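Subject: The structure for you to look through

Dear colleague,

Please find below the structure that I promised to hand over, together with some notes on what was found in it.

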Amino acid sequence: MTEKKFELVDRATGKKSELPVRSGTLGPAVVDISNLYKEHGVFTYDPGFVATASTESKITYIDGDAGILLYRGYPIEQLAEKSTFMEVAYLLLHGELPTRKQLDEFTSNIRYHTMINETLLRFFNGFHHNAHPMAMVSAVVASMSAFYHDTMDIHNPRHREIFAHRIIAKIPTIAAAAHKHSVGQPFVYPRNDLDYCSNMLHMFFAVPCEPYQVDPIAAKALDLLFILHADHEQNASTSTVRLAGSTGANPYAAISAGVSALWGPAHGGANEAVLNMLEQIGTVDNIPKYLAMVKDKSSHFRLMGFGHRVYKNFDPRAKIIREMCHKVLARLGRSDNPLFELALRLEEIALKDEYFISRKLYPNVDFYSGIIYSAIGIPRSMFTVMFAIARTVGWVAHWQEMISDPTMRIGRPRQLYTGPARRDYVDLSKRG
Ligand code: ACO
């Protein structure tokens, strides 16, 4: 909806123009600059997209100053308390909470697709045992495009729906296969009588030589973590999926691009980095030394799991996970957890420190999640894979939203060129 105008004056030419201002349901309005180049011959410049809305979206809303996160309008705290990951997945994909019948149908569609092609399974043999699981997951998800190429027309809504069910169903199977490959154990086939997270734990931890009982506390904890990680509007990996998908690329390839973007320590890779950092800090006595390192820019040391591009307040997900740590560790009989104690003290000390106060740096979703993953037996190198499993739902929802928009265009940013101006080729014999 166009409500007001933003006046732009080019002082060099005296040319004035009015740019349309568009307001959404919540959050800051945007100045629509899509005709700026045509009318004024200039681009906008915003490295890191600090003040750029790259798209219109109806899926997720974040108010970073107030620490608010809504999925399709529902507060994350309510979804975390009352919902399940499958219900949240339906909500993100379809825009509304499902009826009982819709949820049952959706869940059984996901269960139906959990197996992966046997040939795909053999791809893992090509990886060295110590390959990082994110590299294996990204490669195998991309390879799925080879299995579903001719049958995938991105403009066919039914094909898009089957793709959504397939990738959400198969990503835990791929993740578990990566884990089993890393530890040298045989692959464990999915069990479709189990719910999403119980099945994942089964594929991770069962072995053929003895019965395996899924711990319901671990499955519940995982389900809650998956709800919290399911979407986060136009973050780096989601924007990557949108950009790759905007070319009309096979969606499995676009999701694989998202997995790769998530891997970085500034994004989803931070959960693995947090536990490495806590181990490096070791004891509460060492915290001041590490805070001093943070302030010394030449050290390049950052407090992992702290800070966020959008949240300038508590990340609401971090608050929920911190609470969850207390409960899950107590229920698993692991209340005495030195790394969790250290993380709590680190948060307390950092939040009183002028450096963190003045920059509005708070714990983010990754600060405490690794403590829970560790407690339920997930190895550290698999933490970001866990994040990727949950975020697949968000990636698919955004890809669907983009492809089903008839006005979609290829994403193609421009640049401020600062390289050499035009010059003539110098023959090799005449150089230097
Ligand atoms: N530790 C120490 N200082 C920090 C941290 C941190 N974790 N995060 C930001 N800062 C400082 C920066 O050095 C900078 O200080 P300066 O103004 O003196 O130069 C200031 O705070 C602003 O930081 P930017 O890097 O400009 O903020 P940006 O929005 O670009 O980065 C990011 C956000 C990448 C999340 C950053 O806070 C960070 O690196 N955090 C640690 C990694 C992490 O936890 N990532 C997970 C984010 S959540 C997610 O993606 C799932």
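In which helix is the place of Tyr-252? Tyr-252 belongs to helix H11, which covers residues 251-263; helices (H or I, at least four residues) and strands (E, at least two) are DSSP runs, numbered from the N terminus.

Before going further, please keep in mind that this is a predicted model, in which local features need pLDDT of at least 70 and side-chain atom pairs count only at pLDDT 80 or more, while totals for chains, interfaces and linings use all residues. Residues are numbered from 1 along each chain as its sequence is written, and side-chain values use heavy atoms, with hydrogens and water left out.

The chain as a whole

The chain is built with 18 helices and six strands. Its radius of gyration is 24 Å, close to the 22 Å that the globule rule gives for 432 residues, so the chain is as compact as a globular protein of that length; this radius is taken over C-alpha atoms, and the rule is 2.2 Å times the number of residues to the power 0.38.

Of the 432 residues in the chain, 46% are buried, where buried means under 20% relative accessible area, exposed over 50%, and partly exposed in between (1.4 Å probe, protein chains only). The accessible surface of the chain comes to about 22,300 Å², and 53% of this belongs to carbon and sulfur atoms; such areas come from the Shrake-Rupley method with a 1.4 Å probe, and for residues only the protein chains shown count as cover. Among the contacts with a separation of 6 or more, 69% are between residues 24 or more positions apart, a contact being heavy atoms within 4.5 Å.

The core

The largest nonpolar core has 123 residues, and those with the most contacts inside it are Tyr-196, Phe-226, Leu-303 and Met-386. A nonpolar core is a set of buried Ala, Val, Leu, Ile, Met, Phe, Trp, Tyr and Cys residues joined through side-chain atoms within 4.5 Å. Helix H18 (residues 383-403) gives the most to this core, with 14 residues. If we leave aside its neighbours within four places in sequence, Phe-226 is in contact with Phe-85, Tyr-196, Cys-197, Met-200, Met-386, Ile-389 and Ala-390.

Gly-394 is also found in helix H18, and it is buried, with a relative accessible area of 0%. Not counting residues up to four places away in sequence, Gly-394 touches Ala-230 and Asp-231, whereas the C-alpha atoms of Gly-394 and Ser-298, which are 96 residues apart along the chain, are separated by 36 Å.

Residues brought together

Tyr-252, with which these notes began, counts as buried at 0% relative accessibility.

Met-152 lies in the loop between helix H6 (133-147) and helix H7 (157-183), and it is buried, with a relative accessible area of 13%. Met-152 and Asn-250 are 98 residues apart in sequence, yet 7.6 Å apart in space, C-alpha to C-alpha.

Two loop residues with positive phi

Most residues other than glycine have a negative phi. Phi of Phe-49, however, is near 50°, and this residue lies in the loop between helix H1 (36-40) and strand E4 (60-63), where Phe-49 is exposed, with a relative accessible area of 54%. His-300 likewise has a positive phi, near 55°; His-300 is placed in the loop between helix H13 (287-295) and helix H14 (316-331), and it is exposed, with a relative accessible area of 72%.

With best wishes
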